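Here is a friendly walk through the fold you are about to see. Keep the structure open beside the text as you read.

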Amino acid sequence: MLAQALEHLVRGIVDNPDDVEVSTRNNRRGELLEVRVNPEDLGRVIGRNGRTAKALRSVINALSTNGSVRVDVIETDR
């Protein structure tokens, strides 16, 4: 559910929504959501001084029922 919500939010921000991919991994520190975007959209997702990325993290953590969730933004190799 969190991955789908994050993907929906990011697709609304970027110019290349078809290139957005969200993957989920669990590690000892908790759940990790990796967002992969087109290199041209990386700046849009991070935002000025990281404000957009911070806002996305805040929304996802508010939706989480199992504690905090890490969100990493990565550019794709396309």
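## Sheet, helices and core

A hairpin joins strand E1 to strand E2 through two residues; helices (H or I, at least four residues) and strands (E, at least two) are DSSP runs, numbered from the N terminus. Please bear in mind that this is a predicted model, where local features need pLDDT of at least 70, side-chain atom pairs count only at pLDDT 80 or more, and totals for chains, interfaces and linings use all residues. Residues are numbered from 1 along each chain as its sequence is written, and side-chain values use heavy atoms, with hydrogens and water left out.

Let us begin with the strand pairs, where pairing calls for at least two DSSP bridges between two strands.

| Strands | Direction | Bridges |
|---|---|---|
| E1 (residues 21-27) and E2 (residues 30-37) | antiparallel | seven bridges |
| E2 and E3 (residues 69-75) | parallel | seven bridges |

Arg25 stands opposite Leu32 of E2. In the second pair, Leu33 has Val71 in E3 as its bridge partner.

Together the three strands form an open sheet in the order E1-E2-E3, with mixed pairing. E1 and E3 are at the edges with a single partner strand each, so one side of each has no neighbour in the sheet. On average, neighbouring strands of this sheet are turned by 25° against each other, direction ignored; the axes are lines fitted to C-alpha atoms, for helices over the stretch in contact, and angles run from 0 to 180 degrees between N-to-C directions.

Now for the helices. Helix H1 (residues 2-13) lies across E1, E2 and E3 and runs at about 30° to E2. Helix H3 (residues 51-63) lies across E2 and E3, at about 145° to E3. Contact here means heavy atoms within 4.5 Å.

Which residues touch the most other members of the largest nonpolar core? Among its 16 residues, they are Leu6, Val10, Leu33, Val35, Val37 and Ile60. Such a core is a set of buried Ala, Val, Leu, Ile, Met, Phe, Trp, Tyr and Cys residues joined through side-chain atoms within 4.5 Å, with buried meaning under 20% relative accessible area (1.4 Å probe, protein chains only). H1, E2, helix H2 (42-46), H3 and E3 each give two or more residues to this core, and H1 supplies the largest share, four residues.

Key:
Buried < 20%, exposed > 50% of the residue type's maximum accessible area, 1.4 Å probe, protein only.
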